[in-house]
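Please read it alongside the coordinates.

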Amino acid sequence: MPGSGKSDDRRLGFKASQEVVVIAISVVLFLVFSATLNNFLSQGNIIAILKNVSILGTLAVGMGFVVVGRGIDLTMVAVMVVGVAFSIWISTWGIDFTLAVICGAILVAAIGLFTGVMVAIAEVPPIFATLAIASSVYGSGRIVFASDVLYAPPDIAWLKFVGNGSVLGIPMSVVIFGAVAALMGLFLRKTRFGRLVYATGDNPNAARTTGLPTRPIIVTQYVISALIAFTAGIIMTGLVTGIDTRLYNSSLIYDVLLVVVLGGIGLSGGQGGVRNVIAGTILVGILTNGMTILNFSYTSQNLIKSVILLGALAIDAIINPRDEQTSQSGDI
Amino acid sequence: MKIFKKCLLAGMAALALLGVAQVASAQETDQVGRAAYLDGVKGKKVIFVPISQGMDLNQAWVMVWQRHAARYGFTLEVRDPNGDTNAGIRAMQGAIAEKPDLIIVQNPDVQTYARLLKQAQAAGIKVLQVNMQSATQTDSYVGNDWIEMGRLEMGELAKHCTGPNAVSHKVVWLAGVQTGAANIYMRTGIDEVLKANPELQLVSDQPADYISEKARQITETVLQQHPDLCGIMGIWDNAEVGAGAAVAAAGKQDQVTIVTNGAGAATGCESIKNGLLDVIFNFNAPIQGEIAAQQISELLQHPDRKAGSEKTIFFGPITRVDKTNATGRNCWKPEDIK
């Protein structure tokens, strides 16, 4: 796994961090399902688990990046669906689809830039800024596109490869998720910019006083998270041949946030990394897969999911009690 | 002399023409009852509260109704809550407060608007429900016979997945929103077919929420568990393309039959041609819209009839569409309706 450096864990003194708790629960669930469900342990099913969380995981990597810098990006799902829908929409004018995707990426980066400016320079608290921008981005898309569901042109070879192709037996959606996660991990751990993101997230005022370019850092974070959201949207379009803008109305953005927080990236910023995102993503993936196989009803699935997630947070609270030393200002 | 003759002839011709015109105007009687019809519908106010105008079926209905409204001089306002139930409740409350002549409503589920619909009827407003019913019955319902739809879809799977040549007897029901009218009534139809064909084995019954990616994930997981799966039935063609994508990714397009229903939009036909779907039970939203348009006129023509005093139901057409007939009127585009 990328970025498995020992350095930056603020809870280094505790052996069982939230991440470890989540991994432990994942392992237990994995063993229980393997023992009780036929075909759970098959290679096909393991790949299916990874494939089914690739979009959630990719989005969570972007969200995690912003949360590490003490921000939050609630625009991700809106940006994902509107960015891809925009690309498909302009491709219906006869523009080459690949070019249309590049145009979509530029639009998405511009939205990210705007969000970043609102947060970093206008200093609107990120939760409100991104909530409002998400709604206006989705609303504008809704007016322009007329339909909720937009289908990509059928004969785009590279898009088909994203949906159905594989490298060494691993589906492309998982490969892309892995690549985004690996790049982000390297970026956060190994580059100077990555370290500055931690510094900004840990204590923005101190970072600025020390002379760090906190505003450009924050703006860049939102641009990157928007581009990652767009990548997730392209994976989805490859997988199901189109994009459904109604996803904005679903609970997806909260699932993304849940994966991030569950994995152990505190909303107070400055801690955690890509490893935490992967831990959270895998737990949600195993849980959903097992319950789908067991054919649990929708209501009981939600109930079991929330009980296990609440349990993970509760165990963490017991093992790692918060006190003046571990909590920070701005902790939610 | 010649000139005089010509003038005379011209004069006679003119007179003759005038005469004909007079006879014609005398014969220009009004179509029987038309004046009363126009009088009944003109200037009336109709409010439509949909689930979301982003869906193909909704776009077809509203296009048809707007044309009808423009031709006969009533107004149609669409209050789109865009899939948000709370916004829908506010839209309904607002509509009732405005006291229009008619409210058209597409219910997100059977309970949410049930009391509001009673209130509307008590306030003397007539209510037409389209395609998605509430637990409260009102003046009229125009839409699908959902029990029949469930029966048709599972019946289609029964054809493929019973008997000695079936790959297996395993079938999947990819539901929509479990509290929605379509879901509840389709389930009744499904259960009837399952009872009649005890060898059919329903191995998964999970809601995909009308979202294609969710349908894809459920299908992919179920296919791992049941590699010999025979059939999948769903509730909306735009969502079941996800199931089709999962089946295609597993290379099992020849093995798994995918049946769903839809508004009959061209996108559904494309999905059949791409091999993502096998059969769509097409409820032809433009025709459904035309039926509802006539029902709107009927309700507006009888202002003195008490709201809720007479209850009518119209079930629209259902056409079985597969790759042999995925053409023409079975695959409409929005621009065809205008």
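In chain B, six strands form an open sheet of 6 strands in the order β2-β1-β3-β4-β5-β11, with parallel pairing. Strands (E, at least two residues) and helices (H or I, at least four residues) are DSSP runs, numbered from the N terminus, and two strands pair if DSSP finds at least two bridges between them. This is a predicted model, in which local features need pLDDT of at least 70 and side-chain atom pairs count only at pLDDT 80 or more, while totals for chains, interfaces and linings use all residues. Residues are numbered from 1 along each chain as its sequence is written, and chains are lettered from A and ligands numbered from 1 in the order in which they are written.

The edge strands of the sheet are β2 (75–78) and β11 (312–315) of chain B, each of which pairs on one side only. Direction ignored, neighbouring strands are turned by 15° against each other on average; axes here are lines fitted to C-alpha atoms, for helices over the stretch in contact, and angles run from 0 to 180 degrees between N-to-C directions.

| Strand pair | Bridges | Sense | Opposite residues |
|---|---|---|---|
| β1(B) and β3(B) | 4 bridges | parallel | V49(B) and V105(B) |
| β3(B) and β4(B) | 4 bridges | parallel | I104(B) and L128(B) |

From β3(B) the chain passes through helix α5 (residues 114–122) of chain B to β4(B), in a right-handed β-α-β crossover; right-handed says that, with the strands pointing away from the viewer, the path from the first strand over the helix to the second runs clockwise. In strand β3 (residues 102–105) of chain B, L102(B) and I104(B) point one way, I103(B) and V105(B) point the other way, and all are buried. A residue is buried if 20 or more other C-beta atoms lie within 10 Å of its own, exposed if 12 or fewer, and partly exposed in between, with C-beta atoms placed from the backbone.

In chain A, helix α2 (residues 43–68) and helix α11 (residues 252–263) pack at an angle of about 65°, with their axes 9 Å apart. The crossing of α2(A) and α11(A) is right-handed, that is, the near helix is turned clockwise from the far one by less than a right angle. L56(A), L59(A), A60(A), M63(A), G64(A) and V67(A) of α2(A) meet D255(A), V256(A), L257(A), V259(A) and V260(A) of α11(A). By class, this contact has 9 nonpolar, 1 polar and 1 charged residues. Ala, Val, Leu, Ile, Met, Phe, Trp, Tyr, Cys and Pro count as nonpolar, Asp, Glu, Lys and Arg as charged, and the others, Gly among them, as polar.

V117(A) lies in helix α4 (residues 97–120) of chain A. V117(A) counts as partly exposed because it has 16 C-beta neighbours inside 10 Å. Beyond its neighbours within four places in sequence, V117(A) is in contact with A122(A) and V219(A), contact being C-beta atoms, placed from the backbone, within 7 Å.

Between the chains, 33 residues of chain B are in contact with 33 residues of chain A. On the side of chain B that touches chain A, α8(B) gives the largest share, 9 residues. That side has 8 nonpolar, 17 polar and 8 charged residues.

Notes
Two residues are in contact if their C-beta atoms, placed from the backbone, lie within 7 Å.
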